[in-house]
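Please open the model in your viewer and keep the sequence beside it.

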Amino acid sequence: MGRPGYFNQNSDALIAQHQIAGIYFRAEGVTKDLAEAYLYAKNVAEKTQGRSLFYCCEFSRARYITAEAIAESLSKIEGAMTSDDRKRAEERRGAWTP
C-alpha cells in the first residue's frame, strides 16, 4: 500500500488476474479455458507467495483476497483440469505473460 490516494499497481494487477482466472474457469462471457485460468491463478499464487492481497479501500474497512482464497481458486482449477488442459497450460507457460 502506498500513501493515501495512490493505488498499489502490483497488487491491483494481481487482483485483476485473480478475477480473470475465475472468469475463464466459470466461462463468464468467454469460452471456458482451464489452461488460461490455471496460468492466471498460478501466477497470482506465485507472486503472492502465500500472502493475502489488499483489495479495498482507504476510506472504509480494508478488504483482502485471502491467501486461502487464492490457494483454493488454484486448487479448484487444477482439480477440474484434464490431462489435455495440463498439457496446453505447460505448452503456453513458457511464452505466456499476464
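**Confidence first**

Colour the protein by pLDDT, which is the predictor's confidence in each residue, from 0 to 100: the average over the protein is 88, and 84% of the residues score at least 70. Next select residues 1-5, where the pLDDT is below 50 and where the model has 5 contacts beyond near neighbours in sequence, a contact meaning heavy atoms within 4.5 Å. Where pLDDT is low, the predicted coordinates should not be read in detail. Among the elements, β1 has the lowest mean pLDDT, 76, while helix α3 (residues 67-80) has the highest, 97; helices (H or I, at least four residues) and strands (E, at least two) are DSSP runs, numbered from the N terminus.

This is a predicted model, in which local features need pLDDT of at least 70 and side-chain atom pairs count only at pLDDT 80 or more, whereas totals for chains, interfaces and linings use all residues. Residues are numbered from 1 along each chain as its sequence is written, and side-chain values use heavy atoms, with hydrogens and water left out.

**Two loop residues**

Select alanine 27, in the loop between α1 (9-26) and α2 (34-48), and then glutamine 49, in the loop between α2 and β1 (53-56). Most residues other than glycine have a negative phi, but phi is positive here, near 60° in alanine 27 and near 50° in glutamine 49. Are these residues buried or exposed? Alanine 27 counts as partly exposed because its relative accessibility is 32%, and glutamine 49 counts as exposed because its value is 60%; buried means under 20% relative accessible area, exposed over 50%, and partly exposed in between (1.4 Å probe, protein chains only).

**The nonpolar cores**

A nonpolar core is a set of buried Ala, Val, Leu, Ile, Met, Phe, Trp, Tyr and Cys residues joined through side-chain atoms within 4.5 Å. In the largest one, which has 14 residues, select Ala21, Phe25, Tyr38, Ala41, Ile77, Met81 and Ala89, the members that touch the most others. Helices α1, α2 and α3 each supply at least two residues of this core, and α2 gives the most, with 7 residues. Now centre the view on tyrosine 38, which touches Leu74, Ile77, Glu78, Met81, Ala89 and Arg93, not counting residues up to four places away in sequence. A second, separate core of 6 residues can be found by selecting Ile15, Val44, Leu53 and Ile70, which are among its members.
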